[in-house]
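Work through the exercises below with the structure open beside you. Try each task before reading its solution.

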Amino acid sequence: MRRKIPSTAALVAFEAAARHRSFTKAGEELALTQSAICRQIAGLEEFLGVELFRRTRRGVLLTEAGERYRRQVASRLDAVERDTLELMAGRGQGGTLELGVVPTFATRWLVPRLSRFHAQHPDITVNLSVRTQAFLFDESGLDAAITAALAPWPGTQAQRLLGEVSVPVASPALLGGAAPLPASELARLPRLQQSTRPYAWRQWFASQGLTVEGDLAGPRYELFSMLAEAAAGGAGVALIPPLLIAEELASGRLVRASEAVLDEGRAYWLVWPEGKGAAPLLQTFRSWMDGEVTV
């Protein structure tokens, strides 16, 4: 049975016109005349039986249906382009794994180790995309993701990689050479906050039997790498997982301000869509990751 799919040329013209909000600019991008773009859009609207654009004196605007269709078409064209580039780059050999990652774990732990994976599997390319919030695999184009969480989210399967605890760290100058410090003394120092874990300091103080006024105050940073640089610069004390700041601790740029840890039960997980774990590329990567975390 013939598929109910518009022509690729019509979809490409629509995506460009929707992105530019202009038939003229779409034509310039695609090396077509404005009238050619108009014909493609008109043919697409007739095929769909849905109006995608409203024509105004100032140009064209997407209808509500057009905006929804634009998002769907753009993601699928991106996927086709990505698959095409992958095939061209590999000349039909090997494969590509699209992996979502939390950024600091990726830069501080994963990326330095990936050369070993590439040495063992030179025909496999691993592409990394940053993901700091939960997402749906169906809408992401990702094969798998590495995330820091209490547990994987519904609709996924997962492999636990590493447990995570956080420790208070600061620059030696801020601590005046005295470390570790009691929790009551740390409470007097400026605190740096991690924006995705806003109650971390409250939880740490509570684990030490303290209630501290203003425990949620202090500048907030989204990434642990930002937090580490701010702490190393003397801006305050930060709660950071030691595995993400191994270099700073080894060099002395950061020191542990207390031996007490915050254990929220979090771990780093390799997560993939439910039922997709048997994919050969993913199985290869999973096996390699298992070896890395047990070294």
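The model is predicted, so local features need pLDDT of at least 70 and side-chain atom pairs count only at pLDDT 80 or more, while totals for chains, interfaces and linings use all residues. Residues are numbered from 1 along each chain as its sequence is written, and side-chain values use heavy atoms, with hydrogens and water left out.

**Exercise 1.** Find the strand order of the open sheet of three strands, and the helices that pack on it.

Solution. 
Step 1. Helices (H or I, at least four residues) and strands (E, at least two) are DSSP runs, numbered from the N terminus. Two strands pair if DSSP finds at least two bridges between them.
Step 2. The order is β10-β7-β11, and the pairing is antiparallel. The edges are β10 (238-240) and β11 (255-256), each of which pairs on one side only.
Step 3. Two bridges link β7 (residues 167-170) to β11. Val 169 stands opposite Arg 256 of β11.
Step 4. Contact means heavy atoms within 4.5 Å. Axes are lines fitted to C-alpha atoms, for helices over the stretch in contact, and angles run from 0 to 180 degrees between N-to-C directions. Helix α8 (residues 200-207) touches β7 and β10, and its direction makes about 90° with that of β10. Helix α9 (residues 224-232) also touches β7 and β10, at about 135° to the direction of β10.

**Exercise 2.** Decide how many residues of β5 (residues 144-149) are buried, and name the partners of this strand.

Solution. 
Step 1. Buried means under 20% relative accessible area, exposed over 50%, and partly exposed in between (1.4 Å probe, protein chains only).
Step 2. Six of the six residues of β5 are buried, so the strand is largely enclosed by the rest of the structure.
Step 3. In a regular strand the side chains alternate between the two faces of the sheet. In β5, Ala 144, Ile 146 and Ala 148 are on one side, with Ala 145, Thr 147 and Ala 149 on the other.
Step 4. Strand β3 (residues 95-101) runs parallel to β5 and is joined to it by three bridges; Val 101 has Ile 146 as its bridge partner. Strand β12 (residues 267-273) pairs with β5 in the antiparallel sense over five bridges, with Tyr 268 opposite Ala 148.

**Exercise 3.** Which residues have the most contacts inside the largest nonpolar core?

Solution. 
Step 1. A nonpolar core is a set of buried Ala, Val, Leu, Ile, Met, Phe, Trp, Tyr and Cys residues joined through side-chain atoms within 4.5 Å.
Step 2. The largest has 39 residues, and Leu 99, Leu 110, Ile 240 and Phe 285 have the most contacts inside it.
Step 3. Another core, of 18 residues, lies apart from it and includes Leu 11 and Phe 53.

**Exercise 4.** Sort residues of helix α11 (residues 280-293) into buried and exposed.

Solution. 
Step 1. Leu 282, Phe 285, Trp 288, Met 289, Glu 292 and Val 293 are the buried residues of α11. They cover an arc (of the directions from the helix axis to the C-beta atoms) of only 130°, which puts them on the same side of α11.
Step 2. On the other side of α11, Pro 280 and Ser 287 are exposed.

**Exercise 5.** What is the phi of Arg 21, and what is that of Ala 31?

Solution. 
Step 1. Most residues other than glycine have a negative phi.
Step 2. Arg 21 has a positive phi of about 55°, and Ala 31 has a positive phi of about 60°.
Step 3. Arg 21 is in the loop between α1 (8-20) and α2 (23-30). Ala 31 is in the loop between α2 and α3 (34-48).
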